[in-house]
Amino acid sequence: MRAIDPNTISERDNYKFLIGSIIPRPIAFVTSLSEEGVLNGAPFSYFNIVSSQPPMVSVSIQRSNGKQKDTARNIINKKEFVIHIVDDQNVGQINQTAASLSPTESEIELASLTPMESRKINVPGIKEAKIRLECVLEHALELGDKNAQPGCDFLIGRVVQYHIEEEIYEDGRINPRGLGAVSRLAGNDYAKIGEIFTKERPK
């Protein structure tokens, strides 16, 4: 087995090893509002659950040469955002939102997505997602080497409202086949839900 010290390789090589190893990764499509009221939307695969009591999720947003991305800046300023689960029906449109736009341009318009008013926060979501999570910012951390500029913004949001499509809601549970969530691999590759198998947990 090959042994590699992450301190001896470039940031790009670390990135390739991590995204090639930690698969599949769920994808959050995040909407946020700029100070000027522009609805921003972007997908992130450094995303997961933090806690169920209270319900919290995390998104890690990488910086480019130390520059904060629009989504991170918007969330830190407004303290609100919406997370959508990317699925096999909306992934094509969501992929378009990964384009580099200026802060005054809306990825929602670019991808012909439909804004939906939220119930408890001011940031709209999008109609094309089967699951939307309205979130308020709980914690924002700048992460990076001690002697270097921050490499990412790690954001923890508290879920204050769920929106779940009726067709995939079954007795308090979500039908994974109906949701059809897609996951991120490496490069330009994605994966769908494949074989589902059951293993009982030991008591």
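Author: The second largest pocket has a volume of about 780 Å³. A pocket here is an open set of points on a 1 Å grid over the protein atoms alone, where a 1.4 Å probe fits, with protein on both sides within 12 Å along at least five of seven lines; lining residues have an atom within 4 Å of a point. Points are joined across faces, edges and corners, and the volume is the space filled by probe spheres set on them.

This is a predicted model: local features need pLDDT of at least 70, side-chain atom pairs count only at pLDDT 80 or more, and totals for chains, interfaces and linings use all residues. Residues are numbered from 1 along each chain as its sequence is written, and side-chain values use heavy atoms, with hydrogens and water left out.

The lining has 27 residues, and Pro-26, Phe-47, Ile-49, Ile-85 and Leu-179 are the closest to the centre. By type, 22 are nonpolar (Ala, Val, Leu, Ile, Met, Phe, Trp, Tyr, Cys, Pro), 1 is charged (Asp, Glu, Lys, Arg) and 4 are polar (the others, Gly among them).

Strands S4 (47-52), S5 (55-62), S9 (131-143) and S10 (152-164) and helix H5 (176-179) each supply at least two lining residues; helices (H or I, at least four residues) and strands (E, at least two) are DSSP runs, numbered from the N terminus. S4 gives the largest share, 5 residues.

A hairpin of 2 residues links S4 to S5, and the two strands pair antiparallel over 5 bridges, where pairing requires at least two DSSP bridges. Asn-48 has Ser-58 in S5 as its bridge partner. S5 also runs antiparallel to S10, joined by 7 bridges, with Met-56 opposite Arg-158 in S10.
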